[in-house]
Amino acid sequence: MRTPIIAGNWKMNKTPEEAAALVKDLIPLVKDAKCDVVVCPPAICIPAVKAVLAGSNVKLGAQNVHFAANGAYTGELSAAMLKAAGCEYVIIGHSERRQYFGETDKTVNQRTLAAVAAGLTAIVCVGEMQDERETGYTNILVTYQTQMALHGLTKEQVAEVVIAYEPVWAIGTGLTATDEQANETIGVIRKAVAAVYGNDTAEKVRIQYGGSMKGSNVKGLMAQPEIDGGLIGGASLKAQDFSEVVNF
Ligand code: PGA
């Protein structure tokens, strides 16, 4: 069976000092978690958070990674740098990066390949915009995004990737996909993996839901058979709130 994974995406929030304080509060609240627990602070907070996380069950992730090993890419960080800084996970292709920073399915794929090659666990985000759902293109879109993101990975590598299904209209809006909607689309994503890499691989891939997931709705979502965890934005910024999701 797949081990659930709950990851906090702090986005552009917290100074290093605030980040350290948050994980210090979080660690005792989630020490008995039955799922994998990950926090993804802003890159500048990674050293401070790593120091506090030592010896705990909370793992460290980054919010983005560049695909090149090094070079003239002002403002970017390589997979090897993140790995050396103590990251085990990295979020790739979040809708905010697609919307505001020119991320494409092609660059999501390149970043995923670089992350996996460096030994990071990629958390690859896919999901439709509101108009795409309304016009009936959700399934085609998430299938394409998923297959493009994973292109070039081996079956074994794909099995280790985490996919986050985040309907863009549900991110930070308070709107959540219904449990059934989330389950259905995650089922479509799993079929998209199966079509290329086979059922065995698809059954191993963990697929999270993300979009206004919080203590009050986590139970219903996690009760769905296809949903293997959550990528949590707003509710990951307070230790108590995040622990309620983790301890679903
Ligand atoms: P949200 O963000 O939980 O604040 O909706 C989720 C995400 O963007 O990862």
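A pocket here is an open set of points on a 1 Å grid over the protein atoms alone, where a 1.4 Å probe fits, with protein on both sides within 12 Å along at least five of seven lines; lining residues have an atom within 4 Å of a point. Volume is the space filled by probe spheres set on those points, joined across faces, edges and corners. All of this comes from a predicted model, in which local features need pLDDT of at least 70 and side-chain atom pairs pLDDT 80 or more, while totals for chains, interfaces and linings use all residues. Residues are numbered from 1 along each chain, and side-chain values use heavy atoms, with hydrogens and water left out.

Lining this second pocket are 15 residues, with G172, S212, G233, G234 and A235 nearest its centre. The largest pocket comes in at about 570 Å³. Of its 20 lining residues, A43, Q63, N64, R97 and F101 sit closest to the centre.

What about disulfides, meaning pairs of cysteine sulfur atoms within 2.5 Å? The whole structure has 0 of them. C40 is buried, at 0% relative accessibility, and so is C125, at 2%; buried means under 20% relative accessible area, with a 1.4 Å probe and protein chains only.

Conventions. Disulfide = S-S within 2.5 Å. Buried < 20%, exposed > 50% of the residue type's maximum accessible area, 1.4 Å probe, protein only.
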